[in-house]
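Welcome, and let's take a walk through this fold together.

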Amino acid sequence: MVRILVVEDEAVIRAWLAQVLRHADFEVQEARNGTEALRLHQAQPFDLVITEIVMPDKEGLELIRELHQETPETKIIAISGSERPGISTYLKIAKMFGAAEVLVKPFSEQELLTTVHQVLGA
(Lines give C-alpha, C1' and ligand atoms only; values in the text may rest on other atoms or scores of the structure.)
Protein backbone atom coordinates (compact mmCIF):
# COMPACT_ATOMS: atom_id res chain seq x y z
CA MET A 1 0.00 0.00 0.00
CA VAL A 2 1.20 3.50 -0.84
CA ARG A 3 2.21 5.51 2.23
CA ILE A 4 1.46 9.24 2.22
CA LEU A 5 2.48 11.87 4.76
CA VAL A 6 0.27 14.97 4.97
CA VAL A 7 2.07 17.98 6.45
CA GLU A 8 -0.25 20.88 7.25
CA ASP A 9 -0.37 23.23 10.23
CA GLU A 10 -4.11 23.91 9.93
CA ALA A 11 -5.87 20.99 11.64
CA VAL A 12 -9.10 21.22 9.61
CA ILE A 13 -7.28 21.15 6.28
CA ARG A 14 -4.93 18.39 7.46
CA ALA A 15 -7.89 16.26 8.54
CA TRP A 16 -9.72 16.84 5.23
CA LEU A 17 -6.64 15.89 3.17
CA ALA A 18 -6.09 12.75 5.25
CA GLN A 19 -9.75 11.74 5.00
CA VAL A 20 -9.84 12.14 1.20
CA LEU A 21 -6.67 10.09 0.82
CA ARG A 22 -7.79 7.36 3.23
CA HIS A 23 -11.07 7.00 1.36
CA ALA A 24 -8.98 6.49 -1.79
CA ASP A 25 -7.26 3.53 -0.03
CA PHE A 26 -3.94 5.18 0.81
CA GLU A 27 -2.15 4.68 4.11
CA VAL A 28 -1.91 8.19 5.59
CA GLN A 29 -0.01 9.74 8.47
CA GLU A 30 -0.22 13.36 9.52
CA ALA A 31 2.27 15.95 10.74
CA ARG A 32 1.69 19.50 11.99
CA ASN A 33 4.98 20.95 10.78
CA GLY A 34 8.20 20.19 8.94
CA THR A 35 10.13 19.14 12.02
CA GLU A 36 7.56 16.47 12.90
CA ALA A 37 7.34 15.41 9.25
CA LEU A 38 11.09 14.95 8.90
CA ARG A 39 11.21 12.86 12.08
CA LEU A 40 8.40 10.59 10.84
CA HIS A 41 9.96 10.26 7.38
CA GLN A 42 13.39 9.40 8.80
CA ALA A 43 11.83 6.69 10.98
CA GLN A 44 10.03 5.07 8.02
CA PRO A 45 10.14 6.83 4.63
CA PHE A 46 6.93 7.65 2.81
CA ASP A 47 6.19 7.16 -0.88
CA LEU A 48 4.63 10.63 -1.13
CA VAL A 49 4.76 13.73 1.03
CA ILE A 50 2.12 16.44 0.62
CA THR A 51 3.28 19.57 2.39
CA GLU A 52 2.05 23.08 3.02
CA ILE A 53 4.67 25.70 2.19
CA VAL A 54 4.06 28.28 4.94
CA MET A 55 4.14 26.72 8.43
CA PRO A 56 5.63 27.51 11.82
CA ASP A 57 8.70 25.64 13.07
CA LYS A 58 10.15 24.12 9.87
CA GLU A 59 8.42 25.51 6.81
CA GLY A 60 7.65 23.58 3.65
CA LEU A 61 10.47 24.80 1.40
CA GLU A 62 13.06 23.73 3.95
CA LEU A 63 11.30 20.37 4.39
CA ILE A 64 11.18 19.79 0.61
CA ARG A 65 14.87 20.57 0.24
CA GLU A 66 15.85 18.24 3.08
CA LEU A 67 13.58 15.40 1.93
CA HIS A 68 14.89 15.66 -1.63
CA GLN A 69 18.50 15.55 -0.39
CA GLU A 70 17.93 12.59 1.97
CA THR A 71 15.59 10.47 -0.17
CA PRO A 72 15.37 11.82 -3.73
CA GLU A 73 13.02 8.98 -4.71
CA THR A 74 10.30 10.33 -2.38
CA LYS A 75 7.62 12.12 -4.36
CA ILE A 76 6.53 15.53 -3.05
CA ILE A 77 3.49 17.72 -3.69
CA ALA A 78 3.65 21.29 -2.38
CA ILE A 79 0.43 23.08 -1.44
CA SER A 80 -0.37 26.62 -0.33
CA GLY A 81 -3.16 29.15 -0.26
CA SER A 82 -3.74 31.51 -3.16
CA GLU A 83 -4.38 34.45 -0.82
CA ARG A 84 -0.77 34.55 0.36
CA PRO A 85 1.38 37.26 -1.25
CA GLY A 86 4.08 35.87 -3.53
CA ILE A 87 2.69 32.33 -3.45
CA SER A 88 3.52 31.68 -7.11
CA THR A 89 7.18 32.41 -6.31
CA TYR A 90 7.12 30.02 -3.34
CA LEU A 91 5.57 27.27 -5.46
CA LYS A 92 8.16 27.78 -8.23
CA ILE A 93 10.90 27.47 -5.61
CA ALA A 94 9.23 24.33 -4.25
CA LYS A 95 9.53 22.74 -7.70
CA MET A 96 13.18 23.83 -7.94
CA PHE A 97 13.83 22.18 -4.54
CA GLY A 98 12.28 18.87 -5.63
CA ALA A 99 8.48 19.02 -5.52
CA ALA A 100 6.99 17.03 -8.39
CA GLU A 101 3.79 19.09 -8.44
CA VAL A 102 2.10 22.01 -6.72
CA LEU A 103 -1.51 22.69 -5.78
CA VAL A 104 -2.95 26.09 -4.94
CA LYS A 105 -5.67 26.16 -2.27
CA PRO A 106 -8.53 25.93 -2.50
CA PHE A 107 -8.53 22.77 -4.60
CA SER A 108 -11.12 20.04 -4.95
CA GLU A 109 -11.01 16.44 -3.82
CA GLN A 110 -10.79 15.41 -7.49
CA GLU A 111 -7.87 17.79 -8.16
CA LEU A 112 -6.03 16.35 -5.15
CA LEU A 113 -6.57 12.72 -6.19
CA THR A 114 -5.72 13.40 -9.84
CA THR A 115 -2.46 15.07 -8.82
CA VAL A 116 -1.60 12.29 -6.36
CA HIS A 117 -2.16 9.58 -8.98
CA GLN A 118 -0.21 11.56 -11.58
CA VAL A 119 2.78 12.04 -9.26
CA LEU A 120 2.73 8.39 -8.21
CA GLY A 121 2.52 7.29 -11.85
CA ALA A 122 -0.68 5.34 -11.21
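T51 is buried, with a relative accessible area of 0%; buried means under 20% relative accessible area, exposed means over 50%, and partly exposed lies in between (1.4 Å probe, protein chains only). Before going further, note that this is a predicted model, in which local features need pLDDT of at least 70 and side-chain atom pairs count only at pLDDT 80 or more, while totals for chains, interfaces and linings use all residues. Residues are numbered from 1 along each chain as its sequence is written, and side-chain values use heavy atoms, with hydrogens and water left out.

You will find T51 in strand β3 (residues 48-52). Helices (H or I, at least four residues) and strands (E, at least two) are DSSP runs, numbered from the N terminus. Leaving aside neighbours within four places in sequence, T51 is in contact (heavy atoms within 4.5 Å) with V7, G60, L63, I64, I76, I77, A78 and I79.

Some of these names return in the largest nonpolar core, which has 20 residues; L5, V7, I53, I64, A78 and A94 touch the most other members. Such a core is a set of buried Ala, Val, Leu, Ile, Met, Phe, Trp, Tyr and Cys residues joined through side-chain atoms within 4.5 Å. Two or more residues each come from β1 (3-7), α2 (34-43), α3 (60-70), β4 (75-81) and α4 (87-97), and α3 gives the most, with four. Apart from this core lies another, of 18 residues, including L21, I50, F107 and L113. In soluble globular proteins, nonpolar side chains tend to be buried together.

Now look at how α3 and α4 meet. Their axes, lines fitted to C-alpha atoms over the stretch in contact, are 9 Å apart. The angle between them is about 10 degrees, on a scale from 0 to 180 degrees between N-to-C directions. Because angles under 35 degrees count as roughly parallel, α3 is roughly parallel to α4. On the α3 side, L61, I64, R65 and H68 meet Y90, I93, A94 and F97 of α4.

Finally, turn to the rings. The structure holds one aromatic pair, meaning rings of Phe, Tyr or Trp (its six-membered ring) with centres within 6.5 Å; planes under 30 degrees apart are stacked, over 60 edge-to-face, and the rest tilted. W16 and F107 form this tilted pair, 6.0 Å centre to centre with 50 degrees between the planes. W16 is partly exposed, at 30% relative accessible area, whereas F107 is buried, at 12%.

Key. Parallel < 35°, antiparallel > 145°, perpendicular 65-115°, else oblique.
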